[in-house]
Every structure is written in C-alpha cells, then in structure tokens.
Amino acid sequence: MKKSILFLIITLWVNFSIFAQTLKDEWVVCNSEGCKILDTYYSDGVTMEWHGKCVNGKADGHGTLIKYKNGEYESTFEGECKNGIREGQGKFTHKDGSIKEGEFVNAQLTGKGIEYYPEGHKYIGEFINYRKHGNGIFEYTNGAKFEGFFVADQLYTGKFTDYDGTVTYIQEYYPVSKIHEKKSYYKPEIGTRVTEYFDDNWNRCQQRHAKYYRLITYEAPNKPQGIIKDYYISGELQSEFYAVYIDYDDEGKNFHEGEAIWYYKNGKIEQKRYYYNNKINGKNTFYYENGQLAQEIHYDHGDLNGSYKQWYQTGKIRLSAFYENGTLQNDKYIEYDENGLGALVYHENFLKNRSNWESESKENISTILSDNQVLLKVLKDSPTARAGYVTLEQNSDYSIESIVRKVNGADNNGYGIIFGFKDWNNYYHFLISGNGSYMISETFEGVSLNIAEWTFSKHINKGNGRNMLKVFKLNDTFVFSINGHVVEQKEAGSLRGNHYGILAGGKGEYILENIIIKEFVSSETLAEKSRSQEESASQNVEWKGNGTGFFIDRRGYIATNYHVVEDAKEIEIEFLRNGERLQYKMQVVQSDKQNDLAILKITDPDFVPFQNLNYNFQTSTKEAGTPVFALGYPLANVMGSEIKFTDGKLSSKTGVQGDISMYQISVPIQPGNSGGPLFDYDGNLIGITSFGLNREYFNAENVNYAIKSSYLNNLVEVLPTSLELPKDQSIHHKTLTEKIKILSHYVVLIKVR
C-alpha cells in the first residue's frame with residue numbers, strides 16, 4: 001500500500017533514532033594490562049576489549065575496539081585512536097547491523113561520512129556526534145531519495161524524490177511547494193568575540209532592524225567556543241546556552257548540547273532545559289514572568305517520558321498528564337479551569353492507533369499525516385467514514401470536538417464528524433459543506449432522525465477553510481457549535497457506540513485534525529484518576545540501574561561507589577531488617593569522583609536507627625594473600641534481590657598500574673556488586689568493591705578491584721557531620737555463616753533513576 005510522502009518521512013524519523021545513549025563520559029579499562037579508552041556513551045555494565053597498541057596506559061594507533069553491555073555485544077569500532085580517544089578515520093558497526101564510516105573527532109563521528117542500514121538504505125553526508133546533521137543524501141532501498149539538510153537525524157530542508165519520480169519539497173520539516181532559503185554569506189572572524197544581530201523571527205539582520213543580539217566566539221567555522229549569550233536589543237540577557245554547531249543562516253539548524261536558559265526582560269527565568277546530542281533530555285521547566293512555575297515536562301532523549309504538568313499564574317494546577325516513551329498514558333490527561341473544575345481529556349493519536357485509521361480500497365484511501373491529522377480521500381460518491389474507539393462515561397457531561405477541512409472536492413459535498421458510532425444503523429453525524437451550510441442527524445436502529453436539515457450559517461469558513469465542530473452534552477441537552485458559535489440544541493440521546501471520527505459524503509479529499517473528548521466528571525473521580533496516574537508513573541518509570549551500598553553509621557549513612565549514583569535524579573535503597581524488606585529514599589551528602597566514592601543519607605523520617613553496627617571499620621592496609629569476602633547485589637534484575645556472598649583473596653596491595661588506593665582481588669564480582677563491602681574473615685571492613693576486568697573477553701579470571709577503606713575514611717573526615725564509624729569486634733569468633741547473616745543486615749541494594 002502506497003503511503004503519503006509526509007507519513008513516510010515521519011516514519012523514517014523514528015527509524016533514524018540513534019541507539020540508546022547515556023549522559024556519561026568514562027575511561028574504561030580495555031585489556032588485561034589496564035589499558036584505558038574513553039567511552040562517550042558509558043553506562044553501568046559496559047566493558048570494552050581493545051585489540052591494538054597501548055601507549056602510556058591508553059589505547060593508541062590503529063586497532064579494533066569491541067564494546068559489550070552486561071556481557072552482550074553492543075558495537076565494534078575499527079580505526080585510529082590517539083591517547084585513548086578515537087581520533088581519525090574509523091568504522092563503527094552497531095549490533096543492529098548499521099555501519100558508520102567517517103572521521104572521528106574527540107571519540108565522536110563528526111564530519112563527512114557514510115552510514116549503511118541493514119534494510120539497504122544508505123546515507124552519504126555530514127555527521128555531528130554520530131547523528132546525521134548537515135548536508136547529505138539518503139538513498140532508500142525502494143529507489144526513493146532525499147537530498148538536503150538533516151537536523152539530528154531528521155529530514156529538515158531539501159528535495160524528496162519518491163520511487164515513482166514524484167517530487168516533494170520539504171522546508172523546516174514540512175512539505176512546501178517551493179523552498180525559500182536566504183543566504184547571508186556571513187563569515188565571522190575566528191577566535192574573536194563577535195556581535196551578531198537578529199530580528200523578531202531570529203533571522204540574521206543589520207543592527208538597525210535588530211530585536212536581539214548575540215555575543216559569540218567561533219573557534220572554527222560554525223563551531224562556537226564556550227557559552228553563547230543572547231540579549232534583548234535593550235541590553236538585558238535573553239538566553240545562554242552551549243552548542244556544537246551554529247548555522248549562520250538558520251537557527252533551526254543549530255546543534256545544541258548541555259544546559260540552556262531563557263530569561264524575561266526583568267531577569268527572571270522563562271525556560272530552562274538540558275540538551276543531549278541536540279535532544280531535550282530530563283526536566284524542561286517554564287515560568288511566568290512573576291516567577292511562578294508554568295510547566296514542568298520530562299523528556300528522555302527528545303521523547304516525552306514522565307510527568308507533564310501545567311499551572312495557572314495563581315499556582316493552581318491547569319493540566320496533569322503522564323507519558324511513557326513519547327506516548328500519553330491511557331491516551332488521557334486531566335485538565336482544570338481556574339476555579340478547580342476539571343475534566344478527563346482524551347486526545348486521539350492517529351499515529352499510535354494507525355490500524356484504526358489507515359486503509360485503502362477502490363472506493364477510498366485514508367492516510368495518516370501526523371499524530372493529529374488524518375487524510376480521507378473519497379474516490380466514489382458514497383458516504384465514507386473513518387473512526388477510532390474511545391471509551392466515554394455517558395452519565396457525565398462531556399464534549400466532542402474536531403477540526404475538519406476540505407482539501408478538494410465539490411462545495412456541496414457534506415463532510416464532518418461522526419460520533420457514538422456502533423454500526424451504520426446507529427450513529428450521529430454533524431456535517432458542513434464548502435458552500436456554508438450544516439446538517440445534523442441521528443440514525444437509530446436504521447432510521448434517520450434529522451436534528452437539523454441543511455441550514456446556512458455565517459459562522460462556517462467556506463471553501464477549503466478549517467472549521468471546528470463541537471458537540472456538548474450539558475445535563476440532558478446536546479449543544480452543537482461551529483467555530484465557537486452555537487447553531488443547534490436538542491434533547492440528548494444515548495450514544496449507542498464508542499467510535500468517533502470523520503464522515504464524508506462525496507468525492508474529494510478531507511482532513512480531520514484532532515479528536516478531543518472531555519468528560520466533566522466529579523472532583524472525587526478526578527482526584528482518584530490523578531492518584532492512579534501518579535501511582536502508575538511511579539511504577540512505570542524504570543530504575544535505570546542498581547548497585548550495592550552498606551551502612552557506615554547506625555543513623556542512616558551509607559557508603560557506595562560514586563559511579564553508582566552519578567547523575568541519579570532519584571536514589572532508593574532496599575534491604576532486609578528483622579525479616580521485613582524495607583525501602584528508603586536517599587540523597588548524596590558527600591562524594592569523591594577521583595576515588596569513586598560517595599556517602600548517602602536516608603531522608604525518610606520513618607527510618608529507625610540501628611542500635612549498633614556489628615562490624616569493625618579498619619583502615620590499615622592488608623597483605624596480599626589475605627582471605628576476604630564480598631556481599632552485594634550483582635545483576636539484581638536477573639539474579640534477584642537476595643544478597644550474594646563471594647570470596648577469594650587479596651591478589652595485590654595495588655590496583656591498575658600500581659594504583660595505591662586499590663586492592664586487586666580474586667573475589668568474583670559482577671555489575672551490581674559495585675559499592676559493596678569487602679570484609680576479611682575477622683569481620684573487619686577493609687575495602688569497597690569497585691570494578692573488574694571481564695573474564696570472558698580478557699581471559700583474566702577474577703581480576704577485580706576494591707578501594708581501600710582508608711580512602712573512605714578520608715571522605716568521612718571531610719563531612720560537616722561527625723559519623724560514628726563501627727568499631728564492634730563481637731563477630732570476630734563467630735562462624736562464617738553467622739558473620740554473613742549479621743553483616744547482611746547492613747548491606748543494601750541501591751536503585752537509581
């Protein structure tokens with residue numbers, strides 16, 4: 001089935017998305033000699049295998065780098081490295097079968113390159129940070145081709161030629177009849193701060209026409225250096241942000257990276273967000289000019305993910321929704337007016353529910369144009385409809401609204417919305433025509449009951465104009481309106497079905513924009529829906545990783561590795577106490593990134609301090625050969641949340657390349673063990689398990705490392721609060737089984753997101 005050009009483009013946007021990334025640069029040990037390489041997309045569970053030379057402890061020269069995630073293959077890089085960083089020509093192969101070849105700069109594919117897709121597609125053009133960004137050509141396996149500018153993997157402006165030769169021009173993501181782009185031929189001086197001027201629409205202009213100006217330094221053409229600051233022409237700061245690429249002619253082509261803040265003229269923040277690889281990531285906040293919070297929206301690499309809330313300037317809630325991976329939960333959100341009267345709102349997503357909307361036959365074709373538009377092309381003069389299913393509580397008041405538009409066809413053809421559809425014997429329809437008339441009818445058990453014959457209305461936008469049709473049920477009355485003006489009222493009847501959509505009565509092309517259904521339910525029902533939404537949000541936002549920690553003070557202080565909690569927005573611990581599994585919220589109170597240590601504190605007021613921690617915190621260095629054991633939660637998502645015991649010996653009093661802050665240990669550890677305690681057989685804490693070389697890929701059985709407890713003690717000493725480190729030796733003479741049972745009470749599973 002042939003789809004419209006725009007739908008094809010939208011679909012390809014999804015397919016172009018780069019594999020999941022994290023927000024972390026990390027130096028990773030990549031061979032048994034401790035050689036390291038920089039991973040710009042590191043996450044817990046990543047290991048790397050380097051086949052090539054190692055100079056001064058860093059991968060160097062031509063070689064092959066294989067990346068694994070929790071032991072599973074992720075990708076292969078083949079090319080040049082300089083001082084542990086991918087630099088120069090290289091080839092990157094991902095596990096999905098895609099291959100990228102080109103110039104690597106600071107470990108990122110940046111500059112001209114080629115990408116091959118397993119489906120047979122091919123891209124030749126410019127990249128920034130692995131993303132297609134810049135001028136390029138994308139060739140599809142079916143013979144179609146796009147030539148133009150890409151922005152972060154999306155088709156931005158250019159020429160799309162379909163496989164049948166049909167040409168569509170695209171400008172700033174949307175189809176146009178002709179591309180109109182202005183060239184300023186601007187060439188700023190490199191290495192010197194310059195002032196640039198922009199008009200109301202952020203087009204570059206001369207100073208006398210400017211509404212804004214920018215202070216920026218370019219270290220190379222289109223490559224800014226440091227923070228970029230924009231100002232209102234009157235001198236007040238308007239925004240400050242970071243970018244990897246600045247286009248001289250089109251602000252939409254910029255490639256953002258890092259934090260960005262916008263300001264009102266009065267100096268208060270208007271908006272604050274964070275970009276990662278030119279995608280909004282994390283919390284995006286908007287404020288009113290008086291400083292009141294207006295919106296708070298959560299993103300995950302450009303997709304809505306998490307809570308979405310809006311407030312009135314008074315501080316009262318305006319809208320509450322929750323998204324999962326870009327999709328509105330249950331397709332409904334809660335909307336309130338300023339008096340607190342609320343409604344449960346359904347907003348149809350045509351893309352998500354495409355099976356309800358998209359079809360093709362000899363009589364008609366329906367095509368999705370976007371998540372809020374569907375096109376119905378009627379080929380024969382017979383009533384044709386497309387509808388989706390929506391549950392609606394009919395005992396409450398409600399409203400149904402959509403915008404309809406005729407693209408082409410006779411002006412006397414009727415088209416509009418169909419609602420309460422069960423079958424062709426039971427439904428309502430509300431139609432208009434291009435000549436300015438409307439009609440409303442109910443079909444009940446196959447009998448047509450006209451509510452309004454064809455009637456002229458001055459409120460209809462004639463011809464191909466857009467018209468909003470709306471039906472209210474208020475108490476026992478149906479109210480019909482066009483573009484906000486009431487045209488008919490009738491005693492309300494029951495809706496026999498739950499399908500809602502578009503109906504057209506003659507040849508032509510018709511567009512349905514949005515289907516919005518509001519249920520005006522009781523405040524108690526809305527409160528229950530809101531609670532359910534929050535609970536579901538809490539349950540469905542996945543924990544991004546886990547590690548291990550342990551109590552070092554009976555009052556709720558816990559030690560772990562820094563990398564376990566780095567960049568965490570939320571931290572929770574879980575452990576057994578007196579046979580009961582407990583969970584508490586945590587916050588970081590002190591950290592030491594260099595030595596990979598962090599100290600957390602329980603923030604929940606319900607936590608009851610321990611009477612005593614029955615082990616001894618020992619800071620003296622142990623000798624090689626000392627028997628030791630670890631407790632932790634390795635691979636908890638696979639192996640379960642029961643604490644695990646592993647034992648071995650101290651292999652060396654130093655770590656990688658003679659690092660005196662660490663022990664090398666033969667104790668088997670896995671992802672999830674990070675941050676756990678290392679004890680000797682007398683029950684003395686002597687270290688914190690940190691990381692290990694991958695046994696399977698480095699042929700280095702049980703080459704693992706732990707940070708010496710003396711370095712944790714150093715971190716404790718700089719806390720503003722004095723801690724009561726455990727000094728109990730009562731378990732010294734107990735059996736190993738008894739020691740494990742006691743010590744397990746103090747070892748916790750750490751979950752982060």
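**Close-up views of a pocket and a strand**

**View 1. Lining of the second largest pocket.** The second largest pocket has 43 lining residues, and Thr-110, Ile-128, Lys-223, Val-244 and Tyr-245 are those nearest its centre. A pocket is an open set of points on a 1 Å grid over the protein atoms alone, where a 1.4 Å probe fits, with protein on both sides within 12 Å along at least five of seven lines; lining residues have an atom within 4 Å of a point. The model is predicted: local features need pLDDT of at least 70 and side-chain atom pairs pLDDT 80 or more, whereas totals for chains, interfaces and linings use all residues. Residues are numbered from 1 along each chain as its sequence is written, and side-chain values use heavy atoms, without hydrogens and water.

**View 2. Composition of the pocket lining.** The volume of the second largest pocket is about 1,000 Å³. Its lining comprises 17 nonpolar, 14 polar (Gly among them) and twelve charged (Asp, Glu, Lys and Arg) residues. Strand β8 (108-116) contributes the most, with four residues.

View 3. Strands pair if DSSP finds at least two bridges between them. β50 runs antiparallel to β51 (residues 644-652), joined by six bridges, with Phe-629 opposite Asp-647. Three bridges join β50 to β53 (residues 677-680), also antiparallel, and here Val-628 stands opposite Asp-680.

Definitions and conventions. Helix = DSSP H or I, 4+ residues; strand = E, 2+ residues; numbered from the N terminus. Points joined across faces, edges and corners; volume = space filled by probe spheres on them.
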